[in-house]
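Hi,

Here is the structure I promised to pass on. Please open it, then read my notes below.

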Amino acid sequence: MSDRIVIVGAGQGGFAVAAKLRALKDERPITLIGAEAVPPYQRPPLSKKYLLGEMAFDRLLFRPEAWYGENDIDLLLERFVERIDRDARQIVMQDGATLSYGTLVLATGAAPRRLPEDIGGGLQGVFVMRDKHDADRLAEAMKPGARLLVVGGGYVGLEAAAVARKFDVDVTVIEMADRILKRVAAPETADIMRAIHRAHGVDIRENTGLIHLEGEAGHVRRAVLSRGETLEIDMAVVGIGVTPNDQLAKEAGLAVGNGIVVDRFGRTSDPAIFAVGDCVEQPYRGERIRLESVPNAVDQAEAIAGVIAGSDKAYEPEPWFWSDQYDVKLQIAGYNGGYDRVVTREGAREGSQSVWYFRGDTLLAVDAINDARAYVCAKKMLSAGVNPAAEAIADPATDLKALANP
Ligand code: FAD
């Protein structure tokens, strides 16, 4: 039987599993298989500095291609894994090639939701944002005076809007819900971010859906909106969320919910198969959640590598996230699902604010806007299980550092 560790998905999580296994001196053969043409790279700059042209692609790579050979990791690029044969302990690739595994790790990430073809999703000039190819195509279209429609007011769409304004592109954001950031943040945070975008000249329209896009000669030219208006546009960015890439697991008969179901050790319902990153539904404080963030992919991958190498230490997520828009740094500590109360706090510097989420007296999460001190203190409190009084947080005179270090 093979003792090979096969990792499907050469992104943030897949790379981190392979690198950590080698750092832990695990000497078993490792194969890292990825559908993309380039070695593993970080995605966050795709909608930030890379899209702006301020960061070269080489700087996005976690390691140069030669590193994989030097570390005895077989990196297979442009190879898509189509099926898992659990009985034979083999994976089957699209070209029919098979590979045996002793341990299999699924790090397949998530896929952006696309607009259906029948409402114009297939027109040229309609972009999603997930990989280098998407960012390169969008960057080419960013010309001063061009008219961009962003469909969906989530983080990726808002980041694309911010970059577009720097290129002097005319930007309209439409959001079907009654406000932007509805799935991920409280109205207080949405209010702050909306004001920032409007101050930069973005036309944000909430309660506004897309009926369809119209094209000329195959290229998008108009958007018909739910409120009856028609917008003349040159391009559209579709940021309407992602779906976990869990088809391989589903077809292999593994448990799947909102992603591939894993336990605290990253194990799927088959003990020889692990899963990591955006494709995973995992336990967190008595609930089951799916996270879409770099810190989760890395921390979970490293914990799982430890388990594969023989540790019995479970992964305890400590969620955090960030988003850069204009000169605003939004940092998020914790996971706000199930909050029933929010307080806001003015920071020491002009423009710095934080939004604190509670369920009862329990602190769940904090959104810090240009407020690194609030972010760092909140992270400490969440990690140590400190639950500050909401009234104390709302009072700008309260010393957060003292609260975080009781
Ligand atoms: P990915 O990094 O997506 O890697 C999955 C890889 O698996 C992909 O390369 C895919 O092609 C490959 N794959 C899938 N199926 C197969 C198959 N069957 N065979 C072979 N290969 C396969 N997070 C933050 O924390 N902060 C940010 O500011 C931030 N900004 C972001 C901006 C953008 C534009 C995007 C797209 C994401 C951003 N994220 C951010 C999210 C973060 O990048 C993801 O959470 C992270 O990449 C997840 O890692 P992963 O390994 O699970 O998936």
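The buried residues of helix 5 are Tyr155, Gly157, Leu158, Glu159, Ala160, Ala161, Ala162, Val163 and Ala164. Keep in mind that this is a predicted model. Helix 5 is mostly covered, with nine of its 12 residues buried. The helix runs over residues 155–166. From first C-alpha to last, helix 5 reaches 17 Å, close to the 16 Å expected at 1.5 Å a residue. After helix 5 comes Asp168, which has a positive phi, near 65 degrees.

Five strands form an open sheet in the order 9-16-10-11-12, and the pairing is parallel. Strand 9 (126–127) and strand 12 (203–205) are the edges, as each pairs on one side only. Strands of a sheet pair through backbone hydrogen bonds. Strand 10 (residues 147–151) and strand 11 (residues 170–174) share five bridges, in the parallel sense. In strand 11, Val173 stands opposite Val150.

Which strands does helix 5 touch? Helix 5 packs on the sheet and touches strand 10, strand 11 and strand 16 (235–238). The direction of helix 5 makes about 165 degrees with that of strand 11.

Last, a pocket. The second largest pocket holds about 210 Å³ of space. Its lining has 15 residues. Nearest the centre of this pocket lie Arg345, Gly347, Ala348, Asp371 and Arg373. Strand 25 (341–346) and helix 9 (372–384) are the elements that give two or more residues to the lining. Helix 9 gives the most, with three residues.

Best wishes

Definitions and conventions:
Residues numbered from 1 in each chain as written. Predicted model: local features only at pLDDT ≥ 70, side-chain atom pairs only at ≥ 80, totals over all residues. Heavy atoms only, no water. Helix = DSSP H or I, 4+ residues; strand = E, 2+ residues; numbered from the N terminus. Expected span 1.5 Å × (residues − 1). Buried < 20%, exposed > 50% of the residue type's maximum accessible area, 1.4 Å probe, protein only. Pairing = 2+ DSSP bridges. Contact = heavy atoms within 4.5 Å. Axes fitted to C-alpha atoms, helices over the stretch in contact; angles between N-to-C directions. 1 Å grid on protein atoms, 1.4 Å probe; cavity = no way out; pocket = protein on both sides within 12 Å on 5 of 7 lines; lining within 4 Å. Points joined across faces, edges and corners; volume = space filled by probe spheres on them.
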